[in-house]
Amino acid sequence: FRKLPKITLSADPVCEGQEATIKAVSDSIMQTIQWGTNTIHNLSAQADKTKDFFSQVINQSTTFTVFGTDVMGCKSQEEIIVVDPITAPDLSITGVTNACAGSNVDLIAATSSGHDIKWYDYEGDVIGNLLTSQDGLLSLNSVTVGTHKFIAIVDNGSCDTRKTHTL
C-alpha cells in the first residue's frame with residue numbers, strides 16, 4: 001500500500017483588491033493538481049515547479065481547495081485554506097478645487113481608522129515631499145498661480161489608502 005500524498009496550501013495575507021498567490025506543497029511528486037474556490041472552479045494546472053500555485057485578486061473571504069494525483073495514481077485528500085483580505089483604511093478629502101492666487105487654502109483629509117494621515121506633493125504619478133500637516137489638515141498659505149496636486153495617504157501597517165486632490 002502507498003500512503004496518500006499530503007498537500008499543504010499556503011497564502012500570504014493580502015489587502016482587499018490585491019492579488020494573492022496560493023501555493024501547494026506536496027510530500028510526493030504530483031502528476032496533476034486541480035484547483036477550486038468558492039467562486040472559481042476547476043482551475044487546472046500540471047503540477048511542476050511552476051504550476052503548483054495560482055494567483056487571484058481577493059475582494060472577499062475566499063476558500064481554496066486543491067486535489068492532487070501523484071505519479072502512481074494515488075489521489076490526495078482535499079485541503080482547504082481560507083484567505084481573508086485585510087481591509088484598507090477609509091480616507092476622504094474635502095477642500096476647494098479653485099482658489100485665487102495669494103489666498104490661503106485648507107485641505108482636510110479624514111479617516112475613521114485612527115491612523116495618521118500624511119500629505120505629499122504629487123506630480124504626475126510621483127509622490128514628492130512630505131508636507132507639514134496636523135490631524136489631516138493641510139494649510140496652504142499664499143497659493144501661487146498654476147495647478148497644484150497633492151496626495152493624502154493613510155496606512156494601517158498592512159494596507160494603505162491614497163487619495164489625490166488637485167487645486
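Which residue forms a salt bridge with aspartate 160? Keep that in mind while setting up the view.

This is a predicted model, in which local features need pLDDT of at least 70, side-chain atom pairs count only at pLDDT 80 or more, and totals for chains, interfaces and linings use all residues. Residues are numbered from 1 along each chain as its sequence is written, and side-chain values use heavy atoms, with hydrogens and water left out.

**Stop 1: the salt bridge**

Select aspartate 160 and arginine 162. These two form a salt bridge, and their closest N and O atoms are 3.2 Å apart. The term covers a side-chain nitrogen of Lys or Arg within 4 Å of a carboxyl oxygen of Asp or Glu. Side chains of opposite charge can pair when their charged atoms come close. A search of the whole structure finds 1 such bridge.

Now colour by accessibility. Buried means under 20% relative accessible area, exposed means over 50%, and partly exposed lies in between (1.4 Å probe, protein chains only). Aspartate 160 is partly exposed because its relative accessible area is 31%. Arginine 162, at 46%, is also partly exposed.

**Stop 2: the disulfide**

Go to cysteine 15 and cysteine 159. Their sulfur atoms lie 1.9 Å apart and form a disulfide, a term for a pair of cysteine sulfur atoms within 2.5 Å. A disulfide is a covalent bond between the sulfur atoms of two cysteines. The structure holds 1 disulfide. The link joins distant parts of the chain, 144 residues apart: cysteine 15 sits in the loop between β1 (7-11) and β2 (18-26), and cysteine 159 in the loop between β13 and β14 (160-166). Strands here are DSSP runs (E, at least two residues), numbered from the N terminus.

Look along the S-S bond. The angle about the bond is -105°, and the link of cysteine 15 and cysteine 159 is left-handed. Are these two cysteines buried or exposed? Both cysteine 15 and cysteine 159 are buried.

Select two further cysteines. Cysteine 74 is buried, because its relative accessible area is 17%. Cysteine 100 has a relative accessible area of 61% and is therefore exposed.

**Stop 3: an open sheet**

Show β1, β2 and β5 as a cartoon. These 3 strands form an open sheet in the order β1-β2-β5, with antiparallel pairing. The edge strands are β1 and β5 (53-58), each pairing on one side only. From one strand to the next, the twist averages 25°; axes are lines fitted to C-alpha atoms, and angles run from 0 to 180 degrees between N-to-C directions.

Zoom in on β2 and β5. They pair in the antiparallel sense over 6 bridges; two strands pair if DSSP finds at least two bridges between them. Strands of a sheet pair through backbone hydrogen bonds, either parallel or antiparallel. Pick alanine 20: it stands opposite glutamine 56 in β5.

**Stop 4: strand β6**

Select aspartate 70, in strand β6 (residues 62-70). Aspartate 70 counts as buried because its relative accessibility is 2%. A polar atom of its side chain lies 2.9 Å from the backbone nitrogen of methionine 72.

Move to threonine 62, in strand β6 as well. Its relative accessible area is 3%, so threonine 62 is buried. The side chain of threonine 62 reaches the backbone oxygen of glutamine 60 at 2.9 Å.

**Stop 5: threonine 166**

Select threonine 166 in strand β14. With a relative accessible area of 35%, threonine 166 is partly exposed. What does threonine 166 touch, not counting residues up to four places away in sequence? Its contacts (heavy atoms within 4.5 Å) are Thr97, Thr147, His148 and Lys149.

**Stop 6: positive phi in two loops**

Finish with two backbone angles. Aspartate 135 lies in the loop between β11 (126-131) and β12 (137-140). Its phi is near 50°, a positive value in a residue other than glycine. Aspartate 135 counts as exposed because its relative accessibility is 76%.

Then select serine 142, in the loop between β12 and β13 (149-155). Phi of serine 142 is near 50°, again positive in a residue other than glycine. Serine 142 has 47% relative accessibility and so counts as partly exposed.

Technical notes:
Helix = DSSP H or I, 4+ residues; strand = E, 2+ residues; numbered from the N terminus. Polar contact = N/O pair within 3.5 Å; in protein donor to acceptor, adjacent residues only side chain to side chain.
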